[in-house]
Amino acid sequence: MANNEPTISYPAIRSFLRCEKLYYHVFVSGDELIEKSDALNISSYVDSVLSEKKVDITGEENTVWLQKARAIIDAMATLEIINNIVNSQFKSQKEFTIQRDGSPQIHGFIDFHHISNRFFLKLKVTKKIEDYKQDKFKFKLEDQCGIYFLSNPMYEFCVILPIKIPELEYNENKETIQQYYNRCLTDITNRPRHYFVNYNYETKKFGIKLYRQEIGENELMKLCKWAAQNIQQCAKENYWPMRKGSCFSPIKCDFYEACSIGISEDRYKKREKK
């Protein structure tokens with residue numbers, strides 16, 4: 001690896017490919033939104049609980065997003081899904097670093113690594129569950145899962161676990177926040193296949209398999225190397241161009257205001273170092 005060449009992760013590559021300025025804010029300057037979206041909060045909560053990590057929900061107890069997140073977790077327990085994820089056969093948040101000759105260092109975490117060394121699980125909590133019921137989902141996840149395959153030559157396949165975020169609206173004039181939680185939980189447990197792709201009533205499992213041979217490993221390594229070289233060039237020139245065509249595609253970028261009018265302390269903060 002060349003001197004000062006950045007360590008690459010999938011989120012870094014994804015951000016850089018979308019917009020160099022976005023990469024700068026997230027991975028160089030360390031900026032982040034003070035108020036995160038409900039979808040991101042829900043995804044983080046579900047991931048943390050399943051990974052058995054501590055979750056700080058101080059001040060969030062009566063928020064709508066937390067009721068949805070809790071309903072997902074409790075439904076997984078009721079439907080006996082959780083036992084197939086949180087058990088002694090899986091190691092959560094398995095850290096890895098890859099270094100191949102002539103290529104940048106690649107770093108990341110695998111959601112759930114199976115101790116057989118044959119496969120892993122990738123959690124996806126999303127509003128757009130329909131995307132994972134079509135063939136195009138593999139195209140969207142090929143690079144992300146591909147990097148995980150690169151981390152372990154023994155992996156034969158992975159199982160993508162798409163979970164739909166409840167769309168039920170909270171009506172504060174007609175129900176308490178507890179009643180809203182109960183309504184979300186009931187809807188999920190009554191319609192498990194609506195929320196957990198390919199849920200099997202007998203095995204209590206769900207998800208979609210993606211096999212190693214479906215991944216273009218050589219092409220992926222070239223992409224990682226190209227991204228690292230261009231990140232290095234941007235850093236050398238201290239120039240991170242803003243790709244205006246990406247500001248609202250597919251959705252509005254979290255850093256549109258930061259790039260357009262500058263960092264506002266009431267909207268952004270520096271990310272805490274772990």
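# Salt bridges, helix packing and a sheet

Biologist: Which residues are linked in a network of salt bridges?
Modeller: E32, K36 and K269 form such a network. A salt bridge here is a side-chain nitrogen of Lys or Arg within 4 Å of a carboxyl oxygen of Asp or Glu. This is a predicted model, where local features need pLDDT of at least 70, side-chain atom pairs count only at pLDDT 80 or more, and totals for chains, interfaces and linings use all residues. Residues are numbered from 1 along each chain as its sequence is written, and side-chain values use heavy atoms, with hydrogens and water left out.

Biologist: Where is E32 found, and is E32 buried or exposed?
Modeller: E32 lies in strand β1, residues 31–33. Strands are DSSP runs of E with at least two residues, helices are runs of H or I with at least four, and both are numbered from the N terminus. E32 is buried because its relative accessibility is 17%; buried means under 20% relative accessible area, exposed over 50%, and partly exposed in between, with a 1.4 Å probe and protein chains only.

Biologist: What is E32 in contact with?
Modeller: Leaving aside neighbours within four places in sequence, E32 touches F255, R267, Y268, K269, K270 and R271. Contact means heavy atoms within 4.5 Å.

Biologist: How many salt bridges does the count come to?
Modeller: The count is 13 salt bridges. One of them joins E20 and R243, with the closest N and O atoms 2.7 Å apart. That pair links distant parts of the chain, 223 residues apart: E20 is in helix α2 (residues 20–28) and R243 is in the loop between α8 and α9 (256–261).

Biologist: And what is the relative accessible area of E20 and of R243?
Modeller: E20 has 7% and is buried, while R243 has 40% and is partly exposed.

Biologist: Which residue does E167 meet in a salt bridge?
Modeller: E167 meets K164, at 3.3 Å from N to O. K164 is buried at 2% relative accessibility, whereas E167 is exposed at 55%.

Biologist: What about D187?
Modeller: D187 forms a salt bridge with R191, at 2.9 Å from N to O. D187 is buried at 17%, and R191 is partly exposed at 38%.

Biologist: Changing topic. How do α1 and α8 pack?
Modeller: Helix α1 (residues 10–18) and helix α8 (residues 217–237) pack at about 65°, with axes 10 Å apart. Axes are lines fitted to C-alpha atoms, for helices over the stretch in contact, and angles run from 0 to 180 degrees between N-to-C directions.

Biologist: Which residues meet there?
Modeller: From α1 they are I13, F16 and L17; from α8, L223, C224, W226, A227, N230, I231 and C234. By class, the contact of α1 with α8 has nine nonpolar, one polar and no charged residues. Ala, Val, Leu, Ile, Met, Phe, Trp, Tyr, Cys and Pro count as nonpolar, Asp, Glu, Lys and Arg as charged, and the others, Gly among them, as polar.

Biologist: How do the axes of α3 and α4 cross?
Modeller: The axes of α3 (residues 38–50) and α4 (residues 64–78) cross at roughly 35° and come within 9 Å. The contact of α3 with α4 divides into eleven nonpolar, one polar and three charged residues.

Biologist: What order do the strands of the open sheet have?
Modeller: The five strands run β2-β3-β4-β5-β6, with mixed pairing. Two strands pair if DSSP finds at least two bridges between them. The edge strands are β2 (90–98) and β6 (208–211).
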